[in-house]
Amino acid sequence: MKGRMKKGKSPSSRRGEIQHLYQCYTSEQTILPVCALLKFLHKEQMELTANEEMAESLIDRYEIEETARESRSMTFEGFLRYMESKDCCVFDQAHTSVYQYMDQPLTNYFISSSHNTYLTGDQLVGRSHLDAYVCALRKGCRCLEIDCWDGPDMEPVVYHGYTLTTKILFKDVITTVEQHAFEVSAYPVILSLENHCSKEQQEVIAQYLISILGEKLLRTPLDHPTTGDIPSPNELKYKILIKNKKLKPPIKTDDAAGTQAEESVDEGEEEEEEEDDVEDEDQHTKAKFWSPRKAGSKTKKKKVAKALSDLVVYTRSVKFISFSHSKDNQNYYENTSMAEKKARKLAKASGSDFVEHNQKFLSRIYPAGSRTSSSNYNPQEFWNVGSQLVALNFQSLGLPMDLNDGRFQDNGGCGYVRKPAVLMSSQKSFDPSCSQHRQKPTHLLLKVISGSNLPISRSGKGLDSFVRVEMHGIASDSRRKNTNTVKNNSLSPHWDADMNFSISVPELCLIRFCVREQTGLLSSEFVGQYTLPFTSLKKGYRWVPLRSRDGCSLDPATLFVFVWYS
């Protein structure tokens with residue numbers, strides 16, 4: 001490319017780098033005419049659909065010098081404003097709005113999902129708070145978990161059972177959800193109830209759901225869903241669905257056995273979570289910290305109250321037995337939940353079966369019970385098999401939540417992202433653990449040029465910084481590469497590092513840019529990061545916004561990169 005910067009000859013500041021590009025296209029002139037700007041858009045930014053009208057609109061938007069505007073040209077200051085605008089962000093700005101087809105069944109989408117949503121800290125003595133639900137919803141979360149237990153005075157409470165976590169009232173949780181459910185997204189919210197209540201308090205739960213949620217609560221199936229059995233996100237807009245166990249349909253009989261059948265219930269999520277957690281949990285930790293259960297409480301199963309059962313429409317929780325059992329017995333409106341350890345075993349042993357299962361049914365994955373500090377697993381391994389409800393502890397910061405934020409930044413941050421075609425094909429099976437998926441992989445060139453306005457180090461000096469670029473996708477696509485370390489420079493570190501990646505399934509890939517401070521020969525600390533889907537990556541010279549560990553903008557801290565792929 002004409003403006004490509006050569007190693008060792010690049011200017012030392014962001015402004016200088018952009019000036020170098022500008023001069024490559026102005027030739028002997030002092031300003032950039034519209035035809036040269038269009039050439040830059042085509043050759044450097046790979047904006048292949050750009051025309052003269054688009055180039056002129058950029059002049060109108062970013063050029064403030066009147067004579068330049070009149071001559072349909074751009075001064076350097078106007079060009080600089082354009083290069084530092086959202087139009088040159090590495091994230092495709094068309095993806096900041098809902099742009100995907102939202103009329104397919106819910107099973108065709110990844111759905112932003114939270115585990116133990118009420119907690120603001122760890123799983124043992126952490127605080128339960130209504131703000132945790134508000135924060136999750138404002139992040140675009142569409143599946144919230146509520147652990148319901150009997151409370152005093154017939155008021156159900158929400159907390160992590162058998163622990164010292166604090167308790168909040170169920171009715172307050174539902175009021176909070178009603179107020180904030182559709183603040184950032186119109187698409188449906190699923191309330192995943194982990195229900196430990198007596199029948200009497202379940203009836204109270206049902207009454208609160210009906211009285212507080214009102215018309216937002218989905219209580220009956222849609223008349224004619226256009227997608228067949230399971231409705232689409234569009235058809236369920238502004239609706240709240242209840243995910244819980246449900247009574248089996250009554251068996252018609254003349255004797256008392258009919259009543260008995262009506263009260264029987266499939267084993268569902270709560271028993272399954274307990275069983276999986278027993279497998280996964282560090283028993284010593286549990287014995288040391290957890291409050292004791294009442295004698296016999298572990299084996300006693302709760303019956304579902306009819307009033308609550310009646311509110312379960314498209315999201316009935318059933319126990320997972322096997323993929324073949326689900327194929328033969330599971331109904332479209334039933335979903336399964338499993339702990340990460342069990343899901344990981346299945347993904348490794350039967351990846352293509354897992355993918356096929358998730359084409360028909362919703363599946364929810366949740367963190368192992370042994371994660372008492374509320375740490376998270378890497379969600380990518382379960383998106384790779386098409387699981388829709390990959391639930392994370394939203395209060396826990398770090399790589400897993402960075403990936404979740406990156407995944408669901410797509411499609412306008414609405415909490416629903418369409419699964420790629422490779423996970424939905426009925427003709428060709430897909431196993432993410434197989435390394436060969438297509439004859440021609442995608443080749444990605446990333447040139448990490450420089451940084452700008454990075455935070456200073458704790459010592460008050462400039463950072464000794466490097467950039468780590470990580471690919472997160474199927475196992476054979478997942479890798480990371482580092483730039484060299486630039487010492488004592490937070491203002492304008494210059495790395496000028498070329499990185500090449502070969503990606504076999506780019507439509508599943510996330511890219512994470514992570515700035516780190518070198519603190520020792522083999523040690524480094526997090527400074528800032530930005531994660532986005534490969535499919536939202538813009539080609540050309542782009543700036544990368546940086547976010548802190550808690551996901552907040554570190555503006556004006558940015559990276560300057562060049563992106564090309566084919």
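Analyst: Start with the whole. The protein chain has 566 residues, and 56% of them are buried. Buried means under 20% relative accessible area; exposed means over 50%, and partly exposed lies in between (1.4 Å probe, protein chains only). This is a predicted model, where local features need pLDDT of at least 70, side-chain atom pairs count only at pLDDT 80 or more, and totals for chains, interfaces and linings use all residues. Residues are numbered from 1 along each chain as its sequence is written, and side-chain values use heavy atoms, with hydrogens and water left out.

The chain holds 17 helices and 22 strands. These are DSSP runs, numbered from the N terminus: helices are H or I with at least four residues, strands are E with at least two. Now count contacts, meaning heavy atoms within 4.5 Å. Take those with a separation of 6 or more: 71% of them join residues 24 or more positions apart.

Now zoom in on the second largest pocket. Its space comes to about 420 Å³. What is a pocket? On a 1 Å grid over the protein atoms alone, it is an open set of points with protein on both sides within 12 Å along at least five of seven lines. A cavity is a set where a 1.4 Å probe fits but cannot get out, and lining residues have an atom within 4 Å of a point. Grid points are joined across faces, edges and corners; a volume is the space filled by probe spheres set on the points.

Which residues lie nearest the centre of the second largest pocket? They are K86, C89, W543, P545 and D555, out of 22 in the lining. Strand 21 (540-547) and strand 22 (553-565) each give at least two lining residues. Strand 22 supplies the largest share, with 5 residues. By type, the lining has 9 nonpolar, 8 polar and 5 charged residues. Here Ala, Val, Leu, Ile, Met, Phe, Trp, Tyr, Cys and Pro count as nonpolar, Asp, Glu, Lys and Arg as charged, and the others, Gly among them, as polar.

Stay with strand 21, where Y541 sits. Y541 is buried, at 0% relative accessibility. Y541 and Q45 are 496 residues apart in sequence, yet their C-alpha atoms are 6.2 Å apart in space.

Next, look at helix 3 (residues 52-62). Its buried residues are A55, L58, I59 and Y62. They share the same side of helix 3 because they cover an arc of only 100° around the axis. That arc uses the directions from the helix axis to the C-beta atoms. These buried residues pack against helix 2 (34-43), helix 4 (66-70), strand 2 (73-74) and helix 5 (76-83). Helix 5 is itself mostly covered, with 6 of its 8 residues buried. Those are F76, G78, F79, L80, Y82 and M83.

The whole structure has 2 cavities of 30 Å³ or more. The second largest cavity has a volume of about 50 Å³. Its lining includes K139, D402 and R549. That lining divides into 2 nonpolar, 2 polar and 5 charged residues.
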